Amino acid sequence: MGAFDQKRRSLLFRVGVLGMSQVLPRPVMGAEAPARQGYVLGSTEGEYLIHFRDQGKIFIKAGSATGSDNLGLGTQQVMLGTGIPIHRHLEMEEAFYVLEGKGIFILNDVRHAFEKGATIVIPRNNWHGFENPDHELLLLWIVSPPGLENFFRETCNAPGVPPKQLTREQIRDIARKYGTEFR
């Protein structure tokens, strides 16, 4: 066998071993985590919270508490004329789908009109906020990685529970804890 054939055979053997190492079971140290299961939630299912600022409804549908390591998802009702203050997420990418309403979306100081059916995508570290002077909004929000839902848990309340009495600085501290800052 020539030198070329020997090198080729050696290369093919190494590639085969590498491929097999991806197929063969690996030794397990301790117990294996159970396989995750999907789930289906109705429009009013999920973790229900009342927003601290405008008393709008928030339904957290997915996040770290539901076993999602890669995204957080929920709906947020933004009451008439209250908007969402300008802020940015240092590590999260965020997207919105407008389920109901219309208004102005501000992205890095540029104003964009939007209405029902609009999709809004915000890369991490971009300043953004909403104005809704004439219409209530219902937004589907998605973040990756998850974390926004934890901000909501710390600042908002379950229905029937008295609102938390948080100062503006306490809200800013909680936001920073989850990689968000307000202007």
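**Sheet**

I looked up the sheet in this predicted model and found it open, with 6 strands in the order β1-β2-β3-β10-β5-β8 and antiparallel pairing. Strands count as paired if DSSP finds at least two bridges between them. Elements are DSSP runs numbered from the N terminus: helices are H or I over at least four residues, strands are E over at least two. I noted β1 (47–50) and β8 (119–122) at the edges; each has a single partner strand, so one side of each is left without a neighbour in the sheet. Neighbouring strands are turned by 20° against each other on average, direction ignored. Axes here are lines fitted to C-alpha atoms, for helices over the stretch in contact, and angles run from 0 to 180 degrees between N-to-C directions.

β1 pairs with β2 (residues 57–62) in the antiparallel sense over 4 bridges. The bridge partner of Y48 in β2 is F59. Helix α2 (residues 148–155) packs on the sheet and touches β1, β2, β3 (72–78), β5 (93–100) and β10 (137–144). The direction of α2 makes about 125° with that of β10. Contact means heavy atoms within 4.5 Å.

**Conventions**

I number residues from 1 along each chain as its sequence is written, and side-chain values use heavy atoms, with hydrogens and water left out. As the model is predicted, local features need pLDDT of at least 70 and side-chain atom pairs count only at pLDDT 80 or more, while totals for chains, interfaces and linings use all residues.

**Helix pair**

I looked up α2 against α3 (residues 168–177): they pack at an angle of about 150°, with axes 9 Å apart. That makes α2 roughly antiparallel to α3 (under 35 degrees is roughly parallel, over 145 roughly antiparallel, 65 to 115 roughly perpendicular, the rest oblique). The contact is made by F151, E154 and T155 of α2 with I171, I174, A175 and K177 of α3. I sorted these residues into 4 nonpolar, 1 polar and 2 charged. In that sorting, Ala, Val, Leu, Ile, Met, Phe, Trp, Tyr, Cys and Pro are nonpolar, Asp, Glu, Lys and Arg charged, and the others, Gly among them, polar.

**Chain totals**

I count 3 helices and 11 strands in the protein chain. Buried residues make up 33% of its 183 residues; buried means under 20% relative accessible area, exposed over 50%, partly exposed in between (1.4 Å probe, protein chains only). Of contacts between residues at least 6 apart in sequence, 62% join residues at least 24 apart.

**Single residues**

H51 sits in the loop between β1 and β2. I find H51 buried, at 3% relative accessible area. Leaving aside neighbours within four places in sequence, H51 is in contact with G56, I58, Q76, F152 and C156.

K61 is in strand β2 and is buried, at 11%. K61 and S43 are 18 residues apart in sequence and 9.5 Å apart in space, C-alpha to C-alpha.

**Backbone**

Most residues other than glycine have a negative phi, and most peptide bonds are trans. I looked for exceptions. Q55, not a glycine, has a positive phi of about 70°. Q55 lies in the loop between β1 and β2 and is partly exposed, at 40% relative accessibility. D109 has a positive phi near 70° and is found in the loop between β6 (102–107) and β7 (110–115). D109 is exposed, at 54%. A cis peptide bond joins S144 and P145, with omega about -5°; P145 lies in the loop between β10 and α2.
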